[in-house]
Amino acid sequence: MSEVALLQLIGLIVVGCGIAILLFIRAMFVRVVGFVVIVLGTFSLIALGVPQMPSLPPAIETFDITKVKTPDDLAAIGQKIFFSKGQCALCHSIGPSESARCPDLKGIGAKLTPEFIYESLTQPQAYIYLDFRHNGPPKEYPARMPYINKDPIGLTKQEIYSVIAFLQKMSGAPISIKVEDVLKMGTQEDEVQVAVVSHDR
Ligand code: HEC
């Protein structure tokens with residue numbers, strides 16, 4: 001017998017006892033108790049009749065990267081990461097969006113090389129942006145793009161290159177990420193490079 005059925009049976013017995021008390025016992029106080037028991041028992045029976053919905057934690061999908069055969073497979077994984085673990089869609093849109101707070105990534109895969117995108121994701125501070133939109137010496141402004149390869153997002157190199165494959169596919173560019181290269185990738189970080197990009201107008 002299931003747990004719910006057992007509870008329903010107990011409820012029925014409680015209600016039955018209440019009815020028996022009302023039918024056979026004259027003492028006023030006991031009759032009041034019997035009435036209360038019937039009301040409570042009926043309520044719990046109704047509550048138990050409501051369909052139960054188990055709340056499960058969200059399913060975690062894992063990918064076996066060695067099963068990836070084509071660049072399109074890689075882009076498909078990248079798409080999942082973009083919208084889930086990578087949290088990219090929290091900030092970025094693909095195509096114009098009113099709610100996007102950050103650069104629109106449509107076309108980015110065709111405009112930027114995979115190496116440059118990889119660096120934007122893992123070394124967002126590597127390019128020191130200079131802000132000239134005010135008087136006086138230019139100010140450095142820190143990048144707001146998070147480090148994608150560190151906590152809390154913490155994507156592996158393979159995951160990052162899958163996302164880049166997705167960005168290339170979204171841009172209509174041929175996917176230049178090679179599956180065999182991704183399979184070979186470890187988690188070692190590349191060297192930090194620093195360059196200065198000025199936003200001069
Ligand atoms: C917290 C918000 C946020 C998240 C999450 C985020 N980004 Fe960004 N991203 C930015 C901002 C802001 C910039 C603009 C540069 C800057 O200020 O650092 C940027 C810049 C970029 C650029 C460079 C664009 C250019 O034109 O040079 C790329 C590529 C990029 N993000 C991709 C991603 C991907 C892929 C993910 C997910 C793995 C991601 N971002 C997650 C905020 C975010």
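This is a predicted model: local features need pLDDT of at least 70, side-chain atom pairs count only at pLDDT 80 or more; totals for chains, interfaces and linings use all residues.
Figure 1. When neighbours within four places in sequence are left out, the contacts of Gly-34 are Gly-18, Ile-21 and Leu-22. Val-15 lies 19 residues from Gly-34 in sequence, and their C-alpha atoms are 8.6 Å apart.

**Figure 2. Packing of helices α1 and α2.** Helix α1 covers residues 3-24, and its axis comes within 8 Å of that of α2. The two axes cross at roughly 155°. Angles over 145 degrees count as roughly antiparallel, so α1 and α2 are roughly antiparallel to each other. Their crossing is left-handed. On the α1 side, the residues that meet α2 include Val-4, Leu-7, Gly-11, Val-15, Gly-18 and Leu-22. On the α2 side, those that meet α1 include Val-30, Gly-34, Ile-38, Gly-41, Leu-45 and Leu-48.

**Figure 3. The buried face of helix α6.** Helix α6 runs over residues 114-122, and its buried residues are Ile-117, Tyr-118 and Leu-121. Viewed down the axis of α6, these buried residues fall within an arc of 100°, so they line one face of the helix. They pack against α5 (108-111) and α7 (157-170).

**Figure 4. The largest nonpolar core.** This core has 26 residues, of which Ile-160, Ile-164, Ala-165 and Leu-167 touch the most other members. Helices α3 (71-83), α6 and α7 each supply at least two of the core residues. The most come from α7, which gives eight. In soluble globular proteins, nonpolar side chains tend to be buried together.

**Figure 5. Contacts of Ile-164.** Residues up to four places away in sequence are not counted here. Ile-164 touches Gly-78, Pro-114, Ile-117, Tyr-118 and Ile-177. Two of these partners, Ile-117 and Tyr-118, are among the buried residues of α6.

**Figure 6. The whole chain, for orientation.** The protein chain contains eight helices and three strands. From the N terminus, its elements follow the order α-α-α-α-α-α-β-β-α-α-β. Of its 201 residues, 20% count as buried. Among contacts with a separation of 6 or more, 61% join residues 24 or more positions apart.

Conventions. Residues are numbered from 1 along each chain as its sequence is written. A residue is buried if 20 or more other C-beta atoms lie within 10 Å of its own, exposed if 12 or fewer, and partly exposed in between; C-beta atoms are placed from the backbone. Helices (H or I, at least four residues) and strands (E, at least two) are DSSP runs, numbered from the N terminus. The arc is that of the directions from the helix axis to the C-beta atoms. Two residues are in contact if their C-beta atoms, placed from the backbone, lie within 7 Å. A nonpolar core is a set of buried Ala, Val, Leu, Ile, Met, Phe, Trp, Tyr and Cys residues joined through C-beta atoms within 7 Å. Axes are lines fitted to C-alpha atoms, for helices over the stretch in contact, and angles run from 0 to 180 degrees between N-to-C directions. Angles under 35 degrees count as roughly parallel, over 145 as roughly antiparallel, 65 to 115 as roughly perpendicular and the rest as oblique. A crossing is left-handed if the near helix is turned anticlockwise from the far one by less than a right angle, and right-handed if clockwise.
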